[in-house]
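With the model open in your viewer, please follow the stops below in order, making each selection before reading what is found there.

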Amino acid sequence: MLVLKKYAAIDIGSNAVRLLIANIIEETGKPVRFKKSSLVRVPIRLGEDVFMNNTISDSNIIRMQDTMLAFKLLMQSHRVERYKACATSAMREANNGQEVADLIKKVSDIDIDIIEGEEEAAIIAATDLSDYIQPNKTYLYVDVGGGSTEFSIIHNEKTVASKSARIGTIRILKDIVKHEHWLELEQWIRSNTIDYDKIEVIGSGGNINKIFKISGKAIGKPLTYFYLSSYYHTLKSYTYEERITELDLNQDRADVIIPAMQIYLSSMKWSKAKHIYVPKIGLADGIVKSLYFETVSSKVL
């Protein structure tokens, strides 16, 4: 017997807002399958407002209203049954974050949950990493966002430690990440990985996905620290404009990709990892799986 469901996840990040619509396939005698049906990304960059001025600007409030209304219509067109919208560090730290969420509810009837960093890390950890995680091995999972980065230590297929660090691509671009924040993160990674002989890093986020695509590596194969470091220095040798015109990067990717690489490279260096796997998953994928397994609340469309 075959049962098909359609769920959606809205990820309201500091750099971009995403809508993921997923098909859920239940087949008798087989594990449930999650298949991406549609992914829409809008680079609103709430973090540029919040991390500098502590508030979401009027212009971005209008853009958020328009985007959420568009997402609502797309979900209706796809006949989505259930959804969850999660907002992370930018709306969490904005003085008017809840006010904006309430306004969007009135305009589009989309309910937004502003979640804490620990919940964000837990939802991300719910993603299916079975194709990348092997028994008796240890991994450092690094999900880089615009306002924060979520870390999880996975040992013997179980999450044994997690941390949300207020170090993200937008914060680095705006030069508001203090030296002590880097030192605190370094200490956490070193102390939580020192007891393991060999660590592999699993990276998620739009920037590492783009780098993996550029590398031409086959799905499931890792990138090396040497490759990532070399490409990082190559990118730094180009101006922002040249990354757009000569390297064909989108304008909202051409600046944040460098601080993102700093976070991934630092994580690999401090954990002494030589490889990074890129499964192309993130918060939105975790939301869909959490909806299905009913570990988070959901809304009926």
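Begin by selecting L140, which touches F151, S152, I153, W188, I189, I199, E200, V201, I202, S267 and S271, with residues up to four places away in sequence not counted; contact here means heavy atoms within 4.5 Å. The model is a predicted one, in which local features need pLDDT of at least 70 and side-chain atom pairs count only at pLDDT 80 or more, while totals for chains, interfaces and linings use all residues. Residues are numbered from 1 along each chain as its sequence is written, and side-chain values use heavy atoms, with hydrogens and water left out.

Helices (H or I, at least four residues) and strands (E, at least two) are DSSP runs numbered from the N terminus.

Now select S191 in helix α7, which counts as partly exposed because its relative accessibility is 38%. The side chain of S191 reaches the backbone oxygen of Q187 at 2.8 Å, a polar contact being a pair of N or O atoms within 3.5 Å, of which, within protein, one must be able to donate a hydrogen and the other to accept it, and residues adjacent in sequence count only if both atoms are side-chain atoms.

Is R171 buried or exposed? R171, in helix α6 (residues 169-173), counts as buried because its relative accessibility is 5%. A polar atom of the R171 side chain lies 2.6 Å from the backbone oxygen of G147, and the contacts of R171, not counting residues up to four places away in sequence, include F51, S89, E93 and R166.

Select residues 283-292 to show α12, in which 10 of 10 residues are buried. These buried residues pack against β1 (2-12), β2, β3, β4 and α5 (117-125). Just after α12, E294 takes a positive phi of about 60°.

## Last stop: the largest pocket

Finally, select R18, G205, G206, N209 and R253, which lie nearest the centre of the largest pocket, among the 38 residues that line it. A pocket is an open set of points on a 1 Å grid over the protein atoms alone, with protein on both sides within 12 Å along at least five of seven lines, and lining residues have an atom within 4 Å of a point. The volume of this pocket is about 850 Å³, a volume being the space filled by probe spheres set on the points, which are joined across faces, edges and corners. The largest share of the lining, 5 residues, comes from α8, while β2 (17-27), β3 (33-42), β6 and α12 are among the elements that each supply at least two residues.

Methods:
Buried means under 20% relative accessible area, exposed over 50%, partly exposed in between (1.4 Å probe, protein chains only). On a 1 Å grid over the protein atoms alone, a cavity is a set of points where a 1.4 Å probe fits but cannot get out, and a pocket is an open set with protein on both sides within 12 Å along at least five of seven lines; lining residues have an atom within 4 Å of a point.
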